[in-house]
Amino acid sequence: MMQADPLSLTFAALADPTRRAILARLSKGERSVNELAGPFRMSLPAVSKHLKVLERAGLIARTREAQWRPCRLRPAGLKRADDWLEQYRVMWEERLDRLDHYLMELQGKDSRTHARNP
């Protein structure tokens with residue numbers, strides 16, 4: 001079986017609303033599995049499966065401190081997705097800037113035409 005690339009794992013993990021909600025909770029600081037499971041109507045094993053997907057994608061890290069297994073965000077995983085998206089953001093901003101410039105040219109021509117032909 002072929003292993004998915006890191007970016008595909010990241011976007012697959014982000015595709016699920018429960019996993020995005022878990023990331024949002026972790027953005028406020030480390031949480032235990034029990035704390036993360038709190039707002040969801042699912043079993044602890046189901047939450048653990050979501051955490052495994054997030055961990056495999058490099059979006060979270062889980063550590064062990066005695067009986068406590070805190071989870072925390074790994075910003076590098078999100079940065080990888082942001083870097084990929086940034087190239088498209090730049091492209092679209094350039095295209096929209098060109099469109100804006102073109103529309104201003106058209107409006108300028110239109111106002112000059114109206115000024116000559118009242």
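Visitor: What is the mean pLDDT of the protein, and what share of its residues reach 70 or more?

Guide: The mean pLDDT, which is the predictor's confidence in each residue on a scale from 0 to 100, is 87 for the protein, and 90% of its residues reach 70 or more. This is a predicted model, in which local features need pLDDT of at least 70 and side-chain atom pairs count only at pLDDT 80 or more, while totals for chains, interfaces and linings use all residues. Residues are numbered from 1 along each chain as its sequence is written, and side-chain values use heavy atoms, with hydrogens and water left out.

Visitor: How do you know that the length of helix α4 agrees with what its number of residues should give?

Guide: The expected span of a helix is 1.5 Å times one less than its number of residues. For the 13 residues of α4 (residues 44–56) this should come to 18 Å, and because the end C-alpha atoms are 18 Å apart, the two values agree. After α4 comes Gly58, whose phi is positive, near 80°.

Visitor: Why is Thr18 called buried?

Guide: A residue is buried when its relative accessible area is under 20%, exposed when it is over 50%, and partly exposed in between, as found with a 1.4 Å probe and protein chains only. Thr18, which lies in helix α2, has a relative accessible area of 17%, and therefore counts as buried. Buried residues make up 25% of the 118 residues in the protein.

Visitor: Why does Leu73 count as partly exposed?

Guide: Leu73, in strand β2, has a relative accessibility of 23%, and so it counts as partly exposed. Leaving aside neighbours within four places in sequence, Leu73 is in contact (heavy atoms within 4.5 Å) with Leu23, Leu26, Ser27, Leu59 and Ile60.

Visitor: Why is Phe40 called buried, and which residues does Phe40 touch?

Guide: Phe40 belongs to the loop between α3 and α4, and its relative accessible area of 16% is why Phe40 is called buried. Not counting residues up to four places away in sequence, Phe40 touches Thr18, Ala21 and Ile22. The C-alpha atoms of Phe40 and Ile22 are separated by 9.6 Å, although the two residues are 18 apart along the chain.

Visitor: How do you know that the buried residues of α4 line one face of the helix?

Guide: The buried residues of α4 are Val47, His50, Leu51 and Leu54. Seen down the helix axis, they fall within an arc of 100°, so they line one face of α4; the arc is that of the directions from the helix axis to the C-beta atoms. On the other side of α4, Pro45, Lys49 and Arg56 are exposed. The cover over the buried residues of α4 includes α1 (6–14), α2 (17–26), α3 (33–37), β1 (60–62) and β2 (71–73).

Visitor: Why are α2 and α4 called roughly perpendicular?

Guide: With axes taken as lines fitted to C-alpha atoms, for helices over the stretch in contact, angles run from 0 to 180 degrees between N-to-C directions. Angles under 35 degrees count as roughly parallel, over 145 as roughly antiparallel, 65 to 115 as roughly perpendicular and the rest as oblique. α2 and α4 pack at an angle of about 75°, with their axes 10 Å apart, and are therefore roughly perpendicular to each other. Thr18, Arg19, Ile22 and Leu23 of α2 make this contact with His50, Leu51, Val53 and Leu54 of α4.

Methods
Helix = DSSP H or I, 4+ residues; strand = E, 2+ residues; numbered from the N terminus.
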